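Here are my notes on the model, in the order I'd go through them with the structure open. Have a look at it first, then read on.

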Amino acid sequence: MKSAVWPTLILLLLGACATTVTPENWPDSAPPYEHFVDTYRSDEANQAHQAEDDYLTWVRRFYEGRPGILGWNDITESVVQDMDRAQRSAVDDLGNRLGRRIAAEWAKANEVRRIDTAMLSLWGSIMVTAESPETRLEAMRAIDRDARALLDGELRSRQITEERYAEFDSFF
């Protein structure tokens, strides 16, 4: 009996890893599936390096995280935990726009993306570790400005450093 359980568990886990991303299994907490499908299909440079399902899988991972790795939903929930209603509203609006922008770029193939995992980790850390609600909101605004500037070519990836965000991080 015991030996039959392991093969079944392994097959279930492998099946879960290989699941194609569809509108039916898209997370409710993420922006609409169609937004990211349209984003993928409008980017020929990325299409040359990455399949649509791979791109959508990375977008889903961005929002949901993985074991031991916080997703955008976890991070933004942590940011708002002690905020008043107005601050929560501002974070919700900004978090939705910023999440879309970052996810759409970070999920691309390494060869073409301008937002990488190191930036994602730094930004998530800054958003979570800033001590006061006001500082966390200002950190998100700074990250939003930098993400836009990076995608518009006005900021270089090497400028995204811990020192750039030192005023927001309680560990510096």
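1. Start with the salt bridge between Asp146 and Arg164, whose closest N and O atoms sit 2.7 Å apart. A salt bridge here is a side-chain nitrogen of Lys or Arg within 4 Å of a carboxyl oxygen of Asp or Glu. Asp146 belongs to helix H8 and Arg164 to the segment after H8, so the pair ties together parts that are 18 residues apart in sequence. Helices are DSSP runs of H or I with at least four residues, strands are E runs of at least two, and both are numbered from the N terminus. Asp146 counts as buried at 8% relative accessibility, while Arg164 is partly exposed at 34%. The cut-offs: buried is under 20% relative accessible area, exposed is over 50%, and partly exposed is in between (1.4 Å probe, protein chains only).

2. Before going further, some ground rules. This is a predicted model, where local features need pLDDT of at least 70 and side-chain atom pairs count only at pLDDT 80 or more, whereas totals for chains, interfaces and linings use all residues. Residues are numbered from 1 along each chain as its sequence is written, and side-chain values use heavy atoms, leaving out hydrogens and water.

3. On confidence: pLDDT, the predictor's confidence in each residue from 0 to 100, averages 89 over the chain, with 88% of the residues scoring at least 70. The part I'd flag is residues 1-16, where pLDDT stays under 50 and the model has zero contacts beyond four places in sequence. Contact means heavy atoms within 4.5 Å.

4. Back to H8, residues 133-151, which also holds Arg148 and Asp144, four residues apart or about one turn of the helix. Their side chains meet in a salt bridge at 3.1 Å, N to O. Arg148 is partly exposed, with 36% relative accessible area, and Asp144 is buried at 7%.

5. How many salt bridges does the structure hold? There are nine. One of them links Glu105 to Lys108, with the closest N and O atoms 2.9 Å apart, and both of these residues are buried.

6. You'll find Asp43 in the loop between helix H2 (33-41) and helix H3 (44-47), and at 15% relative accessibility it counts as buried. Its side chain makes a 2.7 Å polar contact with the side chain of Lys108, and a polar atom of that Asp43 side chain lies 3.0 Å from the backbone nitrogen of Asn46. A polar contact is a pair of N or O atoms within 3.5 Å; within protein, one must be able to donate a hydrogen and the other to accept it, and residues adjacent in sequence count only if both atoms are side-chain atoms.

7. Asn46 itself is in helix H3 and is buried, with a relative accessible area of 1%. Its side chain joins that of Gln50 in a polar contact of 2.8 Å. Not counting residues up to four places away in sequence, Asn46 touches Tyr40, Tyr55, Lys108, Ala109 and Val112. The C-alpha atoms of Asn46 and Arg113 are separated by 8.1 Å, although the two residues are 67 apart along the chain.

8. What about the largest nonpolar core? A nonpolar core is a set of buried Ala, Val, Leu, Ile, Met, Phe, Trp, Tyr and Cys residues joined through side-chain atoms within 4.5 Å. The largest one has 45 residues, and Phe36, Ile102 and Trp123 have the most contacts inside it. Elements giving two or more residues to this core are H2, helix H4 (52-64), helix H5 (72-80), helix H6 (85-106), helix H7 (117-129) and H8. H8 supplies the largest share, nine residues. Leaving aside neighbours within four places in sequence, the contacts of Phe36 include Trp26, Tyr55, Val59 and Ala104.

9. Finally, the overall picture: the chain has eight helices and zero strands. Buried residues make up 40% of its 172 residues. Of the contacts with a separation of 6 or more, 62% come from residues 24 or more positions apart. The chain exposes about 10100 Å², with carbon and sulfur atoms supplying 51% of it; accessible areas come from the Shrake-Rupley method with a 1.4 Å probe, and for residues only the protein chains shown count as cover.
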